[in-house]
Amino acid sequence: MNFDLILKNATLPDGQTGVDIACADGLIVAVERGIHAEAKEIIDAEGQLVSPPFIDPHFHMDATLSLGTPRMNVSGTLLEGIALWGELKPVQSVEDIIERAMRYCDLAISMGIGAIRSHVDICDDALKGVEALLDVRKQVAPYLDLQLVAFPQDGVFRDPTAKENLMRSLDMGVDVVGGIPHFERTMQDGADSVKFLCEIAAERGLMVDMHCDESDDPLSRHVETLANETRRLGLEGRVTGSHLTSMHSMDNYYVSKLIPLMAEAELRVIPNPLINIMLQGRHDTYPKRRGQTRVPELKAAGITVGFGSDCVMDPWYSLGKADMLDVAHMGLHVGQLSSRADMAWCFEAVTTNSAKIMGLKGYGLEKGCKANMVLLQASNTIEAIRLRPNRLAVIREGVVISRTSPNHPKLFMENRPDTLNPADYAPNSSDT
Ligand code: FE2
């Protein structure tokens with residue numbers, strides 16, 4: 001058989017070592033030890049980690065890299081961010097959005113991201129973001145799967161033309177129905193918006209992903225409505241609650257009722273650790289709430305949880321570098337997911353779990369999956385989160401599409417303290 005690529009001596013995310021992966025015609029065709037064959041390219045992984053690509057299940061590509069235009073977010077709050085985005089929307093062009101999004105996609109691909117679910121604001125009668133990101137989706141398809149969510153940023157009921165714009169954007173090819181019930185004028189309007197949007201998704205056979213209860217309000221209840229509408233409409237497994245930060249502040253007794261309802265509805269959950277820890281708890285003095293939803297408890301209930309990045313250099317967040325390991329690192333700390341099993345799970349939250357949430361086909365490292373992979377300069381998934389290391393090779397359908405040189409190999413050794421020498425860490429120590 002003619003192989004396009006063979007990766008030799010890989011460590012897999014499940015801990016298997018010394019594995020060879022052979023690829024042909026864009027697919028993984030063999031995963032076993034000791035593949036001795038010719039290929040167009042052979043890469044020696046040298047025992048380092050090979051993972052399926054990182055998946056970012058929650059992002060805002062229409063706003064990314066817009067930091068400082070037209071001005072900075074002075075308070076750093078979510079609400080000023082929304083107001084600032086409202087100032088930028090009317091003055092940016094379709095070309096501006098495409099140019100920024102394409103730059104971001106280049107960065108994301110080099111960081112090993114293979115798929116992004118991006119919300120796109122449809123509260124703009126010109127639907128500039130939709131037009132731009134549909135174009136970007138097509139342009140980046142050979143390198144990156146981009147899934148779009150019709151997101152009524154200003155509220156599907158609160159904004160006078162959002163309902164119509166949402167339908168138009170779905171007709172234009174946007175993939176997923178979004179929402180923001182906690183931003184509607186009243187709790188009742190929010191609940192009605194959840195019902196309305198889930199019914200649209202059911203009629204059109206689409207998935208749902210709502211910004212839901214993104215506040216510190218312990219009495220926000222939209223995720224309960226989302227779970228109930230999911231069950232009522234038979235949408236189990238197709239509906240995601242993003243953020244759910246209010247769950248952090250809810251009464252424990254109520255949560256003990258809520259989580260089983262979410263599990264029953266097979267609701268998916270996407271916390272956005274970097275953004276949640278940055279934006280929530282802003283009305284608190286001390287103690288200050290963390291604002292990340294209850295990840296350990298949701299995980300224990302069997303609910304699929306994936307971590308999203310949400311924002312990079314935009315009106316809400318002025319940092320970020322498309323590194324899903326930064327996201328996993330923060331989610332791990334804020335959720336106190338410190339056991340070995342929990343740390344390894346955090347890697348799944350930015351890979352397999354998020355792929356499941358997005359409904360990606362052919363994702364994984366088994367025979368028959370798409371030959372999409374990342375070779376990391378780390379020995380296992382926990383070390384990858386600890387170091388957030390170089391992506392030595394990013395592979396898409398059996399072809400290397402990005403390479404990064406290794407650095408400081410002696411820093412990349414885990415559980416081998418006897419090999420550490422202070423001289424290795426001296427300034428200007430040379431790469432070997
Ligand atoms: Fe978001």
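How are the donor residues of the iron ion spaced in sequence? Let's start there. The pattern is H-x1-H-x150-H-x98-D. Keep in mind that this is a predicted model.

Now the names. H58, H60 and H211 each coordinate the iron ion through NE2. D310 coordinates the iron ion through OD. The distances run from 2.1 to 2.3 Å. Distant parts of the chain are linked here: H58 sits in strand β6, residues 54-59, and H211 sits in strand β10, residues 207-212. That pair is 153 residues apart. Both H58 and H211 are buried.

Why is the arrangement irregular? Look at the angles. The four donor atoms subtend 86 to 179° around the iron ion, so the arrangement counts as irregular. A tetrahedral label would need all angles between 85 and 135 degrees.

Next, the sheet. β6 and β10 both belong to an open sheet of seven strands. The order is β6-β7-β8-β9-β10-β11-β12, and the pairing is parallel. At the edges are β6 and β12, residues 268-270, each pairing on one side only. Strand β8, residues 145-151, and strand β9, residues 176-177, pair in the parallel sense over two bridges. There, V149 has V176 in β9 as its bridge partner.

On to the cores. Which residues have the most contacts inside the largest nonpolar core? They are M61, I116, V136, L226, M247, M262 and F307, in a core of 99 residues. Helix α2, residues 94-110, gives the largest share of this core, with eight residues. Two domains contribute at least three residues each: domain 1, 3-52 + 364-418, and domain 2, 54-358.

Zoom in on M262. Leaving aside neighbours within four places in sequence, M262 is in contact with V223, A227, L244, M247, L267, V269, L298 and I303. M247 is also on the list of residues with the most contacts inside the core.

There is a second, separate core, with 20 residues. Among them are C369, L375, A393 and I395.

Last stop, a hairpin. Strand β14, residues 391-396, and strand β15, residues 399-403, run antiparallel and are joined by four bridges. V394 has S402 in β15 as its bridge partner. Two residues lie between the strands of this hairpin, and E397 takes a positive phi near 50°.

Technical notes: Residues numbered from 1 in each chain as written. Predicted model: local features only at pLDDT ≥ 70, side-chain atom pairs only at ≥ 80, totals over all residues. Heavy atoms only, no water. Donors = N, O, S within 2.8 Å, 3.2 Å for Na, K, Ca; no water. Tetrahedral: all angles 85-135°; square planar, octahedral: opposite > 155°, others 65-115°. Buried < 20%, exposed > 50% of the residue type's maximum accessible area, 1.4 Å probe, protein only. Core = buried A, V, L, I, M, F, W, Y, C linked by side-chain atoms within 4.5 Å. Domains from an automatic or database assignment. Contact = heavy atoms within 4.5 Å. Pairing = 2+ DSSP bridges.
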